[in-house]
Number of protein chains: 2
Amino acid sequence: MATATAAQRRRRAREEFDAFLAACPSRQLLDRLADKWVALILTALAEGEQRYSEIARTIAGVSQKMLTQTLRNLERDGILIRSITPAVPVRVSYRLTPLGESLLPVVRAIKQWAEQNMGAVQDARRRYDTRH
Amino acid sequence: MATATAAQRRRRAREEFDAFLAACPSRQLLDRLADKWVALILTALAEGEQRYSEIARTIAGVSQKMLTQTLRNLERDGILIRSITPAVPVRVSYRLTPLGESLLPVVRAIKQWAEQNMGAVQDARRRYDTRH
DNA sequence: CCGTATCCTCCTCGATACTG
DNA sequence: CAGTATCGAGGAGGATACGG
């Protein structure tokens, strides 16, 4: 039956494309940067090493779970280093690696475009919404 | 009761932070760019005007629903223009606005960092995974 | 102080079917 | 050709409670 075959072809094409996207470096980077808390963490650590609780205070809206999870992901990616000072209570600090620091210009480029142009985007949205 | 008050304070702090993030230009831009299909659409349109079906063919993995939805969002944001040629069947074309074109260097910066450094990230992940 | 473990909710996205 | 409408599954992320 022709329709079934067409549906199967579409499914297969999608699976292949998903595999392509999963392997795509840009896609992977975009997924990381888009994580709700990554840009904020990178910006906080741009000024130097910070303790867990300092980051948590700076980024007042983050939950413990998400902060820990995001920091772990970034550590795994080699973007930052986690160092534990064994004391009571323990002291855990995070700082950017050179790889992490090399990401800062990209974050700043995004920030700069946003600050220069999101106003125009807002205007465009208002115009669109009144027309439709 | 002290615990209830602390919980309420946390909730309130989070709500304020959420409002801050919702208004943050960088956050808004990041959310757009991170949309699964936006970077691909921008890249496709970087070469010039394209018809709906051309974009759909180029981005083989996208569903009709998501392609239309993403294109509408980008049109609403003033990133691209949708033009309809009344014929049978109708012909709908999309092209970047100057605002949309100004976004291309940002996308390219992301792409460039990814292509240069995601290899290092992959290596870091492998090292991390074998250690843990 | 710095987490881990569960549960639960919202929201995105894909599948499918239908239309001018 | 270029959509729109509806439904359902899965995952992200927050609330809460507990642990070294």
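This is a predicted model: local features need pLDDT of at least 70, side-chain atom pairs count only at pLDDT 80 or more; totals for chains, interfaces and linings use all residues.

Guide: Two strands are taken to pair if DSSP finds at least two bridges between them.

In chain A, three strands make up an open sheet with the order β1-β3-β2, and their pairing is antiparallel. The edges are held by β1 and β2 of chain A, each of which pairs on one side only. Strands of a sheet pair through backbone hydrogen bonds, in either a parallel or an antiparallel way.

Take the β1 side of this sheet. Strand β1 of chain A covers residues 50–51 and β3 of chain A covers residues 91–96; two bridges join them, and they run antiparallel. Gln50(A) has Tyr94(A) of β3(A) as its bridge partner.

On the β2 side, strand β2 of chain A covers residues 80–85 and pairs with β3(A) in the antiparallel sense, over six bridges. The bridge partner of Leu80(A) in β3(A) is Leu96(A). Further along, Ser83(A) has Ser93(A) in β3(A) as its bridge partner. In a regular strand the side chains alternate between the two faces of the sheet.

Next comes the link between these two strands. β2(A) is joined to β3(A) by a hairpin through five residues. Pro89(A) is placed in this loop between β2 and β3 of chain A. The peptide bond leading from Val88(A) to Pro89(A) is cis, its omega being near 0°. Most peptide bonds are trans.

Helix α3 of chain A, residues 38–46, lies across β1, β2 and β3 of chain A and runs at about 95° to β3(A). Helix α5 of chain A, residues 64–76, packs on the sheet and touches β2 and β3 of chain A, with a direction that makes about 115° with that of β2(A).

Now chain B. Its open sheet of three strands has the order β1-β3-β2, with antiparallel pairing. At the edges stand β1 (50–51) and β2 (80–85) of chain B; each has a single partner strand, so one side of each is left without a neighbour in the sheet. Helix α5 of chain B, residues 64–76, packs on the sheet, where it touches β2 and β3 of chain B and makes about 115° with the direction of β2(B).

The pairs in chain B can be listed strand by strand. β1(B) is joined to β3(B) by two bridges, and these strands run antiparallel. Gln50(B) stands opposite Tyr94(B) in β3(B). Between β2(B) and β3(B), residues 91–96, there are six bridges in the antiparallel sense. Among the partners in β3(B), Arg95(B) is that of Ile81(B), Tyr94(B) is that of Arg82(B), and Ser93(B) is that of Ser83(B).

The hairpin formed by β2(B) and β3(B) has five residues between the strands. Pro89(B) lies in that loop between β2 and β3 of chain B, and the peptide bond from Val88(B) to Pro89(B) is cis, with omega near 0°.

Two packed helices are described by the angle between their axes and the distance between the axes. Helix α3 of chain B, residues 38–46, packs with helix α6 of chain B, residues 98–131, at an angle of about 120° and with the axes 10 Å apart. This angle makes α3(B) oblique to α6(B), and their crossing is left-handed. From α3(B) the contact uses Leu42(B), Thr43(B) and Ala46(B), and from α6(B) it uses Leu103(B), Leu104(B) and Val107(B). Sorted by class, the contact of α3(B) with α6(B) has five nonpolar residues, one polar and no charged ones.

Conventions. Residues are numbered from 1 along each chain as its sequence is written. Chains are lettered from A and ligands numbered from 1 in the order in which they are written. Side-chain values use heavy atoms; hydrogens and water are left out. Axes are lines fitted to C-alpha atoms, for helices over the stretch in contact, and angles run from 0 to 180 degrees between N-to-C directions. Helices (H or I, at least four residues) and strands (E, at least two) are DSSP runs, numbered from the N terminus. Angles under 35 degrees count as roughly parallel, over 145 as roughly antiparallel, 65 to 115 as roughly perpendicular and the rest as oblique. A crossing is left-handed if the near helix is turned anticlockwise from the far one by less than a right angle, and right-handed if clockwise. Contact means heavy atoms within 4.5 Å. Ala, Val, Leu, Ile, Met, Phe, Trp, Tyr, Cys and Pro count as nonpolar, Asp, Glu, Lys and Arg as charged, and the others, Gly among them, as polar.
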